Amino acid sequence: TSPYASAYGDVARSKNILIDNQELRFGPSVAINSLLNVAGNLTIQNSNGYVNMLAGGEIELTGNWINNKGTAGFAEGLGTVEEIGTAVQNIITVSSTEAFNNLIINNTSNLNNGVTLLKNATVAGVFTLIDGRVLTTQSTLLTVINNVTTAVVGGATNTYVNGPMARWTAGTGDYNFPVGKPTGPYRVYRPAIIAPASAGAT
């Protein structure tokens, strides 16, 4: 935490970050809207590395998200992670699932695997698509566990989930699944809208 952070809009910039035997913490002693822009990879090392976003904050990342510690290495809290790369970005963890609060996809590579999940990922807040495709598979599934209809934002011909995704539901409204397929004979952005028959349906 820098005593001069507020003078610079609570924004910090860095190249590759390796968090090893240290804690990277956002708030409460700094503004909860603090922004860390990482022009490279963010790596949580498997010793005592720890990213603490319990109070909020945002990480803008141009490289890979690498969590070598797993669940104990990242507290997503109220935080936001935004993928803003211009090449392929991987989300990697040694756990079976990486849990995010808010996840924003803004990858301008125009590649079919602009952001690639190498393990399962969950989003407990809002999943937002601005630019870029997210590559998923049945074994590297993206699941939005926030069960409100508005927990998924965006989706267009240039930004969608290239593969399966799952959503939790708790109502009878329209749940958007912004999916598509950029290869093969049926290349198209084809979102699915699902309206559960009852509030208890999943």
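Reader: What share of the contacts in the protein with a separation of 6 or more do residues 24 or more positions apart account for?

Author: This is a predicted model, in which local features need pLDDT of at least 70 and side-chain atom pairs count only at pLDDT 80 or more, whereas totals for chains, interfaces and linings use all residues. Residues are numbered from 1 along each chain as its sequence is written, and side-chain values use heavy atoms, with hydrogens and water left out. A contact means heavy atoms within 4.5 Å. Among the contacts with a separation of 6 or more, the share from residues 24 or more positions apart is 48%.

Reader: How many strands are there in the protein?

Author: Helices (H or I, at least four residues) and strands (E, at least two) are DSSP runs, numbered from the N terminus. The protein has zero helices, and its number of strands is 25.

Reader: What radius of gyration does the protein have?

Author: The radius of gyration is taken over C-alpha atoms, and the globule rule is 2.2 Å times the number of residues to the power 0.38. The C-alpha atoms fill a box of roughly 50 × 35 × 35 Å along the principal axes. For 202 residues, a compact globule would have a radius near 17 Å, and the protein agrees with this, having 17 Å.

Reader: What percentage of the residues in the protein is buried?

Author: Buried means under 20% relative accessible area, exposed means over 50%, and partly exposed lies in between (1.4 Å probe, protein chains only). Accessible areas come from the Shrake-Rupley method with a 1.4 Å probe, and for residues only the protein chains shown count as cover. The protein exposes about 9,500 Å², of which carbon and sulfur atoms supply 54%. Of its 202 residues, the buried part is 45%.

Reader: Which residue of strand 9 does V51 stand opposite?

Author: Strand 6, residues 50-52, is joined to strand 9 by two bridges, and the two run parallel. In strand 9, the residue opposite V51 is F74.

Reader: Which residue in strand 13 does E82 stand opposite?

Author: Strand 10 (residues 80-83) runs parallel to strand 13 (residues 102-106), with four bridges between them. Strand 7 (residues 58-61) also pairs with strand 10 in the parallel sense over four bridges, and there E60 is opposite E82. In strand 13, E82 faces I104.

Reader: Is T128 buried or exposed?

Author: T128 lies in strand 16, which comprises residues 127-131 and pairs with strand 13 in the parallel sense over four bridges. Beyond its neighbours within four places in sequence, T128 is in contact with L103, I104, I105 and V153. Because its relative accessible area is 16%, T128 is buried.

Reader: What distance separates the C-alpha atoms of L142 and E98?

Author: L142 lies in strand 18, residues 142-144, and is buried, with a relative accessible area of 1%. Leaving aside neighbours within four places in sequence, its contacts include L117, A121, V123 and F127. L142 and E98 are 44 residues apart along the chain, and their C-alpha atoms are separated by 9.7 Å.

Reader: What relative accessibility does N110 have?

Author: Most residues other than glycine have a negative phi. N21, in the loop between strand 2 (17-19) and strand 3, has a positive phi of about 60 degrees and is partly exposed, with a relative accessible area of 47%. N110, in the loop between strand 13 and strand 14 (115-117), also has a positive phi of about 60 degrees. N110 counts as exposed, because its relative accessibility is 57%.

Reader: How far apart do the centres of the positive and negative side chains lie?

Author: Lys and Arg count as positive and Asp and Glu as negative, while His and the chain ends are not counted. The place of a charge is taken as NZ of Lys, CZ of Arg, CG of Asp or CD of Glu. There are 10 positive and 11 negative side chains, and the distance between the centres of the two sets is 10 Å.

Notes:
Pairing = 2+ DSSP bridges.
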